[in-house]
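Here is a friendly walk through one protein model, with the sequence and coordinates shown just below. Keep the viewer open as you read.

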Amino acid sequence: MDISFTVWLLTILGLSALIAVDFFIGRKPHDVSIKEAGIWTIVWIALAVLFGVGLAVWGSGQASGEFFAGFITEKSLSVDNLFVFVLIMAKFAVPSHLQQRVLLIGVLIALVLRAIFIAAGAAIISNFSWVFYIFGAFLIYTAWKLIQEARADEDDEDWEENKLLKAAEKRFGVADQYHGTKLFIQKNGKRIMTPLMVVMLAIGTTDILFALDSIPAIFGLTQDPYIVFTANAFALMGLRQLYFLIGGLLKKLVHLSYGLSVILGFIGVKLVLHALHESGVSVPEISIPFSLSVIGGVLVITTITSLIASKKQARLEAEQAAADGGDGDSGADGSGSAKDSVDA
């Protein structure tokens with residue numbers, strides 16, 4: 001798409017206005033209810049759908065299809081990121097009423113970082129088409145790694161602070177407790193960070209690692225910087241509400257890693273085929289409608305199989321607990337019967 005500077009400016013201003021409204025509504029620290037999270041999740045998804053439809057009306061069907069494929073992919077990868085956010089919140093013992101503020105600022109940091117990554121990626125792609133081979137190979141490797149981690153059933157409780165975060169803590173120091181929404185306080189004449197600032201930086205900088213997967217993935221679906229940016233923006237801006245809405249559901253999505261590995265591997269293959277095509281090799285290219293079908297189908301199947309597996313596991317645990325309880329009762333009854341016999 002040939003996007004003018006005016007359209008870019010209006011888009012950024014519009015997204016900034018939406019973020020400002022979101023910040024204004026959530027400016028007061030509070031516990032986010034399921035109802036509030038559900039309403040705003042629907043609002044953000046509806047806005048994304050309207051934007052995609054607008055691209056079809058004022059742009060083209062191709063652009064709209066690329067946006068929806070990118071948005072769904074980024075949204076699904078963002079759900080996987082929520083697992084890490086949960087670990088970070090637990091590690092820093094973030095009070096429940098401050099979690100929405102942490103996520104809001106963290107997502108803003110992530111959005112700025114994504115914009116930088118997207119600009120760099122677009123510049124590289126426009127000058128070096130061979131980079132698609134690297135992106136494709138990296139996504140296929142990431143897909144394989146996800147499957148290996150899922151098979152190993154690794155415990156994610158070993159999340160550690162990154163070097164940038166450790167350097168910031170060493171430079172400024174960290175207070176030993178939260179001070180409301182304050183990010184810095186004065187202690188012994190020195191300006192130090194509060195734990196709230198630390199956890200915001202943790203979520204924001206951790207997104208750098210997430211971007212290494214998601215940015216090449218969406219460039220595998222579209223090379224239009226405008227679509228890449230807006231798809232990322234809409235996927236990220238509803239992440240805060242989604243965290244509270246499906247927080248309890250995350251543990252039930254036991255097959256999500258397998259689904260994401262299939263999606264990333266598929267896009268990796270798509271990128272390699274595109275690179276070969278650009279090099280003059282006669283190979284078939286994967287269309288956007290087919291990509292949408294694969295991505296949507298994998299997510300639906302993954303969700304269904306995850307919920308079935310989780311329900312089966314819960315039933316087995318309940319049966320095991322009942323069996324253990326039954327053994328305990330019979331043991332107690334047996335002791336009682338023996339005692340009665342001795343008394344007799």
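## Two loop residues with positive phi

Ala-93 sits in the loop that connects α3 and α4. In this predicted model, Ala-93 has a positive phi of about 50°, although it is not a glycine. Its relative accessible area is 55%, so Ala-93 counts as exposed, the cut-off for that label being over 50%.

Asn-188 is not a glycine, yet its phi is positive, at about 55°. This residue belongs to the loop between β1 (184-187) and β2 (190-193). With a relative accessible area of 77%, Asn-188 is exposed.

## Overall layout

How many helices and strands does the protein have? There are 11 helices and two strands. Read from the N terminus, the order of elements is α-α-α-α-α-α-β-β-α-α-α-α-α.

The protein has 344 residues, and buried residues make up 43% of them. Take the contacts between residues at least 6 apart in sequence: 79% of these join residues at least 24 apart.

Helix α5 covers residues 131-152. Its 22 residues, at 1.5 Å a residue, should span 32 Å, and the end C-alpha atoms are 31 Å apart, which agrees. The expected figure uses one less than the number of residues.

Which residues of α5 are buried? They are Val-131, Phe-132, Phe-135, Gly-136, Leu-139, Thr-142, Ala-143 and Leu-146. These residues cover an arc of only 140° around the axis, so they lie on the same side of α5. Their packing partners are α4 (99-127), α7 (195-219) and α10 (256-278).

Tyr-141 is also found in α5. With a relative accessible area of 45%, Tyr-141 is partly exposed. Although Tyr-141 and Ser-261 are 120 residues apart in sequence, their C-alpha atoms are 9.4 Å apart in space.

Side chains of opposite charge can pair when their charged atoms come close. In this model the count comes to one salt bridge. Glu-74 and Arg-114 form it through their side chains, at 3.4 Å from N to O. Glu-74 lies in helix α3 (residues 61-91) and Arg-114 in helix α4, so the pair ties together parts that are 40 residues apart in sequence.

Are the two partners buried or exposed? Both Glu-74 and Arg-114 are buried.

## Ser-64 in α3

Helix α3 also holds Ser-64. Ser-64 has a relative accessible area of 8%, so it is buried, since that label applies under 20%. Leaving aside residues up to four places away in sequence, Ser-64 touches Gly-52, Val-53, Leu-55 and Ala-56.

Rolling a probe the size of a water molecule over the atoms shows where empty space is left. Here the count comes to three cavities of 30 Å³ or more. The largest cavity holds about 70 Å³ of space.

Its lining is made up of Ile-19, Asp-22, Trp-44, Leu-103, Leu-104, Val-107, Leu-108, Leu-236, Met-237 and Arg-240. At least two lining residues come from each of α1 (5-25), α4 and α8 (225-237). Which element supplies the largest share of this lining? That is α4, with four residues.

## The second largest pocket

The second largest pocket contains about 320 Å³ of space. There are 12 residues lining this pocket, and the closest to its centre are Ser-76, Val-79, Ile-246, Leu-253 and Thr-303. The elements that give two or more residues to the lining are α3 and α11 (288-343). Helix α3 gives the most, with four residues.

Note on methods
Residues numbered from 1 in each chain as written. Predicted model: local features only at pLDDT ≥ 70, side-chain atom pairs only at ≥ 80, totals over all residues. Heavy atoms only, no water. Buried < 20%, exposed > 50% of the residue type's maximum accessible area, 1.4 Å probe, protein only. Arc of directions from axis to C-beta. Contact = heavy atoms within 4.5 Å. Salt bridge = Lys/Arg side-chain N within 4 Å of Asp/Glu carboxyl O. 1 Å grid on protein atoms, 1.4 Å probe; cavity = no way out; pocket = protein on both sides within 12 Å on 5 of 7 lines; lining within 4 Å. Points joined across faces, edges and corners; volume = space filled by probe spheres on them.
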